[in-house]
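Here is a friendly tour of one protein model. Keep the picture beside you and look up each residue as you read.

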Amino acid sequence: MDFGTFLGLASGISLVLGAIFMGGSLREFLDIASLMIVLGGTIASTCVAFPIHEVMQAFSGMLQIFSSRKVRDAEVVEMMVRIAEISRREGLIALENIQTDNAILKKACQLIADNADPGLIRETVRIEISSMKRRHAVGEAVFKSLAGFAPSFGMIGTLIGLVQMLTRLDDPKSLGPAMAVAIITTFYGSMLSTLFFLPVAGKLRARTISEAHQLDIIFEGAKCILQNNNPRLVYEKLSSFIAPRERRNVRR
């Protein structure tokens, strides 16, 4: 699990709940009708704005933000250095037998083993990066739309509550509770947008940048292996992709 995501979400919810309990009761902030307007309306509008399969894809991808990155940049650099060592010791054809869970790295090894032109490797990785960015952009756009729709539906719920409140002006005692219920929908919309939808969109964006960066490392490593089959030179070139403090942890 990604501890930072879990900690941030848990901390945000805890602080809001703490403020609620310090000033009253949680029951005062629970209203099913308001939640139906905000959450139901937000999802409904998003389904209008995007094809349903893209909405489902976005919510499926959302689960990935709670898992930590399987491979770090320094580990990708280390893998490429090891591949360079194997290719120098056993020849390029030996890279056909490289076992890895990374489909892009496996494809790059196959292209190196086939002694492919660097231009072909560049084009292959470029297509992979473009495809990955398109997939992630869909999820990011969906959650940005959710973040935009939620406060709007919160305001719609507030207006509905105000209209209902104004119809009961002959009963002054009911105005206070009715006003509180009307404002709750704005609270729900702002909470969902600020604490959940926008952070998820931001996290998906960060994951996209990270994965694209790793694909760039794989491409540059593959090109360097083809041009100069020297593990040391491969490391020196690829180490520029990672922070200086991480370079000490790369075995070479």
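F6 sits in helix α1, which covers residues 3-23; helices here are DSSP runs (H or I, at least four residues), numbered from the N terminus, just as strands are runs of E with at least two residues. With a relative accessible area of 45%, F6 is partly exposed. In these terms, buried means under 20% relative accessible area, exposed means over 50%, and partly exposed lies in between (1.4 Å probe, protein chains only).

## How to read the numbers

This is a predicted model, in which local features need pLDDT of at least 70 and side-chain atom pairs count only at pLDDT 80 or more, while totals for chains, interfaces and linings use all residues. Residues are numbered from 1 along each chain as its sequence is written, and side-chain values use heavy atoms, with hydrogens and water left out.

## Aromatic rings

Rings of Phe, Tyr and Trp (its six-membered ring) pair if their centres lie within 6.5 Å; planes under 30 degrees apart are stacked, over 60 edge-to-face, and the rest tilted. The rule gives five aromatic pairs. One of them is F196 with F197, an edge-to-face pair with 5.6 Å between centres and 65° between planes.

## Empty spaces

Rolling a probe the size of a water molecule over the atoms shows where empty space is left. On a 1 Å grid over the protein atoms alone, a cavity is a set of points where a 1.4 Å probe fits but cannot get out; a pocket is an open set with protein on both sides within 12 Å along at least five of seven lines, and lining residues have an atom within 4 Å of a point. Grid points are joined across faces, edges and corners, and a volume is the space filled by probe spheres set on the points.

The whole structure has one cavity of 30 Å³ or more. The largest cavity has a volume of about 40 Å³, and its lining includes I104, L111 and V125. Helices α5 (103-113) and α6 (118-166) each supply at least two of the lining residues.

The second largest pocket holds about 320 Å³ of space. Among its 15 lining residues, V16, F187, Y188, M191 and L195 are the closest to its centre. Helices α1 and α7 (175-227) each give two or more residues to this lining, and α7 has the largest share, with six.

## Salt bridges

A salt bridge is a side-chain nitrogen of Lys or Arg within 4 Å of a carboxyl oxygen of Asp or Glu. The structure holds six of them. In one, the closest N and O atoms of E220 and K237 are 3.2 Å apart. E220 lies in helix α7 and K237 in helix α8 (residues 231-238), so the pair ties together parts 17 residues apart in sequence. E220, K223 and K237 are linked in a salt-bridge network.

Helix α8 also contains E236 and R232, four residues apart, about one turn of the helix. Their salt bridge has its closest N and O atoms 2.7 Å apart.
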